[in-house]
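Trainee: Can we go through this one together? I'd like to start with the loops.

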Amino acid sequence: MKKLIAALIFLLAISSQAHFKGPVLYVAAHPDDETMLGGILGRLKEKSIPTHVIYITRGEGSKFNLITGNPKDNLKMRPGEAREAATRYGIQSVTQLEETDAPMRDPVTQKPIQDVEKFLKSGVWNTHRIEKSVLDLAIKIKPRVILTMLPFHSKIHAHHQAAGQIALKIAKNPELKSSVVGVYGIQETNWYPEGTFESMPGQMKFETERYSPLLGKTYRAFQAQGAAAHATQESGHKGELPLAYEVLVPLEEKNGSQEFRELILAKPEEKR
Ligand SMILES: [Zn+2]
């Protein structure tokens, strides 16, 4: 009998080890960047995985404000929208940095430039200060997984790539090396024409059209509900996104990342 109990305890121990428990840290450039993985945030929420977000800017660089009509109000309004979205998404903490959100714009197209090297060299962001803030937070919460934006993709906003590069860099810090088992970037598939993002090795596709009994809706609807908190921005008015999936790309993976992969790829769990 004693042997049986010992065996049961052992089995329980290994089965509980096999489940990803977090925490997760998302390193983002602007308020509303978290909407890009709103469905995945639903998966983290239903599993009660502590999730934290750090925004590098307050999003004042947006050229419009759909509530007041004055983009100057974004500086004050967008961090509040991000906090409301975080509540809806089940995010445990929001850390708001105050780097300048001044996109360097292409003189011809007026779109934010995509040249991340040029942007980082411009000094608009104090990268040393950002790295310190992200690292201090990460040391405090000890994330198992860091989510961020794609650090090296020539088509996306330079701020997004810069956030990804900063996240990758701090994950290598000796103080975090033992806790972080994976760093993943989000493909911005719903915001660019089809074919912008080539298939990447080891990528994980999270189907958002599935119904989550624990959330009481599909992951896609959950994404839209969180995004609607960004009422000053277009991102808050999109409703359910056209594509019914979100894609995470491994930027760095170590032993232990399998648990996170299983969490992302598993079927929705029934309510108990
Ligand atoms: Zn952004």
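Trainee: Where is Gln110 found?
Mentor: Gln110 sits in the loop between β3 (93-99) and α4 (116-122). Helices (H or I, at least four residues) and strands (E, at least two) are DSSP runs, numbered from the N terminus. The model is a predicted one: local features need pLDDT of at least 70, side-chain atom pairs count only at pLDDT 80 or more, and totals for chains, interfaces and linings use all residues. Residue numbers start from 1 along each chain as its sequence is written.

Trainee: What is phi of Gln110?
Mentor: Near 65 degrees, a positive value in a residue other than glycine. Most residues other than glycine have a negative phi.

Trainee: Gln110, buried or exposed?
Mentor: Gln110 counts as exposed, because it has 9 C-beta neighbours inside 10 Å. The cut-offs: buried means 20 or more other C-beta atoms within 10 Å of the residue's own, exposed means 12 or fewer, and partly exposed is in between, with C-beta atoms placed from the backbone.

Trainee: And what about Asp32, which loop is that in?
Mentor: Asp32 lies in the loop between β1 and α2 (38-46). Asp32 also has a positive phi, about 95 degrees, although it is not a glycine. Asp32 counts as buried, because 24 C-beta neighbours lie inside 10 Å.

Trainee: Which residues does the cis peptide bond join?
Mentor: Gly22 and Pro23, with omega about -5 degrees. Pro23 is in the loop between α1 (2-17) and β1 (24-28).

Trainee: Switching to helices. At what angle do α5 and α6 cross?
Mentor: Roughly 55 degrees, and the axes of α5 (residues 127-141) and α6 (residues 158-171) come within 10 Å. Axes here are lines fitted to C-alpha atoms, for helices over the stretch in contact, and angles run from 0 to 180 degrees between N-to-C directions. α5 and α6 are therefore oblique to each other. Under 35 degrees counts as roughly parallel, over 145 as roughly antiparallel, 65 to 115 as roughly perpendicular, and the rest as oblique.

Trainee: Which residues make the contact?
Mentor: On α5, Thr127, Ile130, Glu131, Val134, Leu135 and Ala138. On α6, Ile166, Ala167, Lys169 and Ile170. Two residues are in contact if their C-beta atoms, placed from the backbone, lie within 7 Å.

Trainee: How does that contact split by class?
Mentor: The contact of α5 with α6 has 7 nonpolar, 1 polar and 2 charged residues. Ala, Val, Leu, Ile, Met, Phe, Trp, Tyr, Cys and Pro count as nonpolar, Asp, Glu, Lys and Arg as charged, and the others, Gly among them, as polar.

Trainee: How many residues of α8 are buried?
Mentor: 8 of its 9 residues, so helix α8 (residues 219-227) is mostly covered.

Trainee: What covers them?
Mentor: The cover includes α2, α3 (74-89), β7 (211-212) and β8 (217-218). Among the buried residues of α8 are Tyr219, Arg220 and Phe222.

Trainee: Back to loops. Where is His153?
Mentor: His153 is in the loop between β4 (145-149) and α6. His153 is buried, with 22 other C-beta atoms within 10 Å. His153 and Phe197 are 44 residues apart in sequence and 8.6 Å apart in space, C-alpha to C-alpha.

Trainee: Last one, the whole chain. How many helices and strands?
Mentor: 9 helices and 9 strands. Buried residues make up 41% of the 272 residues. The C-alpha atoms fill a box of roughly 75 × 40 × 35 Å, taken along the principal axes.
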